[in-house]
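The sequence and the structure are shown below.

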Amino acid sequence: MRKQRKSRKSAGKAAKQNVSTTGDTPSSGRRSFLRLARNLAIGAGVVGGSGYVLANSVISTMNEHDLTRVGNGKPTIVQIHDPNCSMCLALQKETRKALDEFQDGRLDYVVANIRSAKGKAFANRYGVQHVTLMLFDGNGDLQEILQGQRGSYELRAEFSKLLAG
């Protein structure tokens, strides 16, 4: 008898497992639909958020490379930049750190990428090479050329002089 009981118990467990895994109950269709809807909503949020961040990044990069902003009424710092140059990247980092103090919109920052035709033409017009900052007044007149690597503390002082002059 014991053997029969064990076999009945194991047969009952198998029957319960078959019922729960087949998904024949009406609520399992609803659960599947709700799970799918939840996953689609999460996916749409992730894709939408990523698209928003990417679009903002592209717009700010385009604005940062717009050399027509020189002489727009604001003093402008133009970095002659080669994106493959480690010294240029270090100068860009220090420049941005120095510009954090001037976030009130009094200064414009523009990057002239010498890998692009416009950036190269801009650098050639002034006879400068990469790893260079050019400081322009609001009228677009060149005030100073800073060549080579500089620290943010030195750049802050130069930017303050540009604003004062």
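In this predicted model, strand 1 and strand 2 pair in the parallel sense, over six bridges. Within that pairing, I80 has A112 of strand 2 as its bridge partner.

| Pairing | Sense | Bridges |
|---|---|---|
| Strand 1 and strand 2 | parallel | six bridges |

Strand 1 spans residues 76-81, and six of its six residues are buried. In a regular strand, side chains alternate between the two faces of the sheet. Here T76, V78 and I80 point one way, I77, Q79 and H81 point the other way, and all are buried.

Nonpolar side chains in soluble globular proteins tend to be buried together. The largest nonpolar core of the model has 17 residues, of which I77, L99, L107, L133, L135, L155 and F159 touch the most other members. At least two residues of this core come from each of helix 3 (86-99), strand 2 (108-113), strand 3 (132-136) and helix 5 (152-164). Helix 3 contributes the most, with four residues. Apart from this core lies another one of 11 residues, including A112, A123, M134 and F136.

Which residues does L133 touch, not counting those up to four places away in sequence? The contacts of L133 are I77, V78, Q79, L91, T95, E144, I145, L146, L155 and F159.

Technical notes:
Residues are numbered from 1 along each chain as its sequence is written. This is a predicted model: local features need pLDDT of at least 70, side-chain atom pairs count only at pLDDT 80 or more; totals for chains, interfaces and linings use all residues. Side-chain values use heavy atoms; hydrogens and water are left out. A nonpolar core is a set of buried Ala, Val, Leu, Ile, Met, Phe, Trp, Tyr and Cys residues joined through side-chain atoms within 4.5 Å. Buried means under 20% relative accessible area, exposed over 50%, partly exposed in between (1.4 Å probe, protein chains only). Contact means heavy atoms within 4.5 Å. Two strands pair if DSSP finds at least two bridges between them.
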